[in-house]
Amino acid sequence: MAAALSGNVPLPDEAGTDERPRALGSLAIATAVCVVLALAASVLLAITAHSNSHHRAIAAARVAALQAAKQETAVALTYDYRSLDADFQRAEAGMSRKFRANYAQTAASSVAPLAAKTHAITTGTVAAGGVVSATEDTARVLVFANQTVENKLLNATSRLDRSVIEVTMVKENGRWVIDNLQPF
């Protein structure tokens with residue numbers, strides 16, 4: 001007992017056991033819980049950061065795809081019978097490889113003969129547009145297009161055609177291009 005009072009020997013508790021092992025066990029459990037909570041917080045933070053990054057990428061894709069759809073649709077709707085080849089090439093530059101072949105065939109077999117015969121001059125504009133859906137590499141956009149048409153068959157000097165077109169956009173070689181045009 002004298003040794004215990006001097007501080008060299010631990011005093012037993014009422015049940016006759018030492019408190020240090022229990023205190024060390026509690027400390028180990030508390031430390032383990034803190035480590036697990038810190039790891040869980042780190043994982044949650046990483047997931048949240050990745051999700052935010054993905055949402056920002058989608059938002060940026062929506063803006064870029066809409067802008068490109070409006071611009072490239074206007075170009076595709078604009079041609080002059082006196083410069084058809086150059087006008088079609090300009091339109092094809094804003095199209096995917098897949099869609100370009102389809103457009104070229106339609107332009108050559110339908111649009112060019114009729115435009116040459118009627119001396120057609122068209123000017124396309126897009127009044128408004130909106131993104132229907134988007135990923136980082138694809139988008140579906142609705143555009144409200146106007147096409148002013150002048151030709152020798154018209155009684156008036158020109159005619160305004162209005163249409164809604166669903167434009168499928170894809171990211172190809174780092175830029176947004178038309179992959180399909182579908183009247184709505």
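The legends below describe close-up views of a predicted model. Residues are numbered from 1 along each chain as its sequence is written, and side-chain values use heavy atoms, with hydrogens and water left out. In this predicted model, local features need pLDDT of at least 70 and side-chain atom pairs count only at pLDDT 80 or more, whereas totals for chains, interfaces and linings use all residues.

**View 1. Overall arrangement of helices and strands.** The secondary structure of the protein consists of 4 helices and 5 strands. Helices (H or I, at least four residues) and strands (E, at least two) are DSSP runs, numbered from the N terminus. Read from the N terminus, the elements follow the order α-α-β-α-α-β-β-β-β. The protein has 184 residues, of which 28% count as buried; buried means under 20% relative accessible area, exposed over 50%, and partly exposed in between (1.4 Å probe, protein chains only). Among contacts between residues at least 6 apart in sequence, 56% join residues at least 24 apart, a contact being heavy atoms within 4.5 Å.

View 2. The 5 strands form an open sheet in the order β1-β2-β3-β4-β5, with antiparallel pairing. Strands β1 (79-80) and β5 stand at the edges with a single partner strand each, so one side of each has no neighbour in the sheet. Two strands are taken to pair if DSSP finds at least two bridges between them. Strands of a sheet pair through backbone hydrogen bonds, either parallel or antiparallel.

View 3. Strand β2 (residues 121-134) pairs with strand β3 (residues 138-150) in the antiparallel sense over 12 bridges. A134 stands opposite A139 in β3, and T123 stands opposite T148 in β3.

**View 4. Pairing of β3 with β4.** Strand β4 (residues 159-172) runs antiparallel to β3, and 12 bridges join the two. L142 stands opposite E166 in β4, while V143 has I165 in β4 as its bridge partner. In a regular strand the side chains alternate between the two faces of the sheet.

**View 5. The β4-β5 hairpin and N173.** Strands β4 and β5 run antiparallel and are joined by 8 bridges. K171 stands opposite W176 in β5. The hairpin has 2 residues between the strands, and N173 in this hairpin takes a positive phi near 55°. N173 is not a glycine and lies in the loop between β4 and β5. N173 counts as exposed because its relative accessibility is 72%.

View 6. K117 has its place in helix α4 and counts as exposed because its relative accessibility is 61%. The C-alpha atoms of K117 and Y81 are separated by 8.6 Å, although the two residues are 36 residues apart along the chain. H119 is found in the loop between α4 and β2. Phi of H119 is near 55°, a positive value in a residue other than glycine. H119 counts as partly exposed because its relative accessibility is 34%.

View 7. Leaving aside residues up to four places away in sequence, M169 touches residues including A65, A68, A69, V141, W176 and I178.

**View 8. The largest pocket.** The largest pocket holds about 450 Å³ of space. Its lining has 19 residues, and A76, L77, Y103, I165 and L181 lie nearest its centre. On a 1 Å grid over the protein atoms alone, a pocket is an open set of points where a 1.4 Å probe fits, with protein on both sides within 12 Å along at least five of seven lines; lining residues have an atom within 4 Å of a point. Grid points are joined across faces, edges and corners, and the volume is the space filled by probe spheres set on the points. Helix α4 (97-118), β3, β4 and β5 (175-183) each supply at least two lining residues, with the largest share, 6 residues, coming from α4. The lining divides into 12 nonpolar, 6 polar and 1 charged residues. Here Ala, Val, Leu, Ile, Met, Phe, Trp, Tyr, Cys and Pro count as nonpolar, Asp, Glu, Lys and Arg as charged, and the others, Gly among them, as polar.
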